[in-house]
Amino acid sequence: METHTHILRNTDLNELTIIIPFRNEGESVRKTLIKLYESYGEECSIILINDASNDGYDYKKDIQPFGNLLYVTNEELLGTGGSRDKGALLAKTRFLLFLDAHCYLSDHVLSSLLQYAISYPKSLICLQSRILIYGYDKELYLQASSCENRAGYIDFSLLRGPLCLRWEFLQPGEEKADILEVPCVRGGAYCIERQYFLYLHGYNGLICHGCENSFLSTKVWLEGGRCLLLPKHEVNHLYRWSPPYHFNKVAEGYNKIIYARLLMQEYAEEMEETVCLHFCKSSRSTINKYLQAVHQEIT
């Protein structure tokens, strides 16, 4: 079950829909919307998906001043991936931008992003991050320069557990490039053509939270598409003291095994065994129950 609240929806007139899933983000949602409307007015359509927040915060009150927005409430937790999948189905535009609710787009970035999306079909395109962080005085501070992280890659070793997303760094001069091909997009803000996303079946198969960036990036790569980074175009990414999605060991193990079964069939058995070694017996039992429930859908 779900509830929808429409506020002056005009999605058919726009090339881009911004999909913002969130859970227990508090005033960050309002701040993100304020920044979007200060920079772009009602030029872009927004789908805001409340993923079963239980913090008691009045999100409906916060969104009342904003137009061209569709607000959706999940009655049950779908996770980041499931919420983005729902947003993609509801959108009517050619392109989608998945934006975290604690990320603030720089001015004029959307027009450039759309031009790159048009020029590079069958691509997943992410923005560079500039870190926002709360100091001990509870004030927000913006990092002086962009992240040195270029993008991610999938680590198949056991150094940090199997199928972990690790970071590679920008090489000298790459920060001046217009666009870079990367193995896996960074989170926060990334764009994809809607029909291509639906063709890839999005995040279907994942539960709760975890593996979304690497899962979708691997799908794009296996299908023959490209993952791209725009080093000159930034999103201010708030790094919080605690995440709204709590760490879930069962979801992490399940998502990694689904990842291996769907996208790494040649190595699935080996990777599944490796994943299971990192979880206690009780977690493995619950993971196996989830896997049995979706067995017919993924084979």
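## Strand β12 and its partner

Strand β5 (residues 95-99) and strand β12 pair in the antiparallel sense over 5 bridges, where two strands are said to pair if DSSP finds at least two bridges between them, and helices (H or I, at least four residues) and strands (E, at least two) are DSSP runs numbered from the N terminus. Within this pairing, Leu-99 has Ala-189 of β12 as its bridge partner. Because 4 of the 5 residues of β12 (residues 189-193) are buried, this strand is largely enclosed by the rest of the structure; buried here means under 20% relative accessible area, exposed means over 50%, and partly exposed lies in between, with a 1.4 Å probe and protein chains only.

The model is a predicted one, in which local features need pLDDT of at least 70 and side-chain atom pairs count only at pLDDT 80 or more, while totals for chains, interfaces and linings use all residues. Residues are numbered from 1 along each chain as its sequence is written, and side-chain values use heavy atoms, with hydrogens and water left out.

## The chain as a whole

The protein chain holds 10 helices and 13 strands, and 55% of its 299 residues count as buried. Among the contacts in the chain with a separation of 6 or more, 76% are accounted for by residues 24 or more positions apart, contact meaning heavy atoms within 4.5 Å.

## Strand β13

Strand β13 (residues 226-239) has 11 of its 14 residues buried, so this strand too is largely enclosed by the rest of the structure. Strand β6 (residues 103-105) is joined to β13 by 3 bridges and runs antiparallel to it, with Tyr-104 bridged to Asn-236 of β13. Strand β11 (residues 180-182) also pairs with β13 in the antiparallel sense, over 3 bridges, and here the bridge partner of Leu-180 in β13 is Leu-229.

## Nonpolar cores

In soluble globular proteins, nonpolar side chains tend to be buried together. A nonpolar core is taken as a set of buried Ala, Val, Leu, Ile, Met, Phe, Trp, Tyr and Cys residues joined through side-chain atoms within 4.5 Å. The largest such core in this model has 36 residues, of which Ile-18, Leu-105 and Leu-110 touch the most other members; helix α4 (residues 109-119) supplies the largest share of this core, 6 residues. Not counting residues up to four places away in sequence, Leu-110 touches Leu-16, Ile-18, Tyr-40, Cys-44, Leu-97 and Leu-105.

## Helix packing

Helices α6 and α7 pack at an angle of about 5°, with their axes 11 Å apart, the axes being lines fitted to C-alpha atoms, for helices over the stretch in contact, and the angles running from 0 to 180 degrees between N-to-C directions. The two helices α6 and α7 are therefore roughly parallel to each other, on a scale where angles under 35 degrees count as roughly parallel, over 145 as roughly antiparallel, 65 to 115 as roughly perpendicular and the rest as oblique. Their contact is made by Ser-214, Phe-215, Thr-218, Lys-219 and Leu-222 of α6 together with Tyr-259, Leu-262 and Leu-263 of α7. By class, the contact of α6 with α7 has 5 nonpolar, 2 polar and 1 charged residues, where Ala, Val, Leu, Ile, Met, Phe, Trp, Tyr, Cys and Pro count as nonpolar, Asp, Glu, Lys and Arg as charged, and the others, Gly among them, as polar.

The axes of helix α7 (residues 249-263) and helix α8 (residues 268-276) come within 8 Å and cross at roughly 170°, so α7 and α8 are roughly antiparallel to each other. On the α7 side the contact involves Gly-253, Lys-256, Ile-257, Ala-260 and Arg-261, and on the α8 side Ala-268, Met-271, Glu-272, Val-275 and Cys-276. The contact of α7 with α8 has, by class, 6 nonpolar, 1 polar and 3 charged residues.

Arg-194 is found in helix α5 and, at 14% relative accessibility, counts as buried. Leaving aside its neighbours within four places in sequence, Arg-194 is in contact with Ala-88, Leu-89, Ala-91, Thr-93, Arg-94, Phe-95 and Leu-96. Val-220, in helix α6 (residues 212-223), is buried at 0% relative accessibility.

Most residues other than glycine have a negative phi. Cys-208, which is not a glycine, has a positive phi of about 50°, and Cys-211 likewise has a positive phi, near 75°. Cys-208 has its place in the loop between α5 (194-199) and α6, and Cys-211 lies in the loop between α5 and α6. Cys-208 counts as buried at 15% relative accessibility, and Cys-211 is buried with a relative accessible area of 18%.
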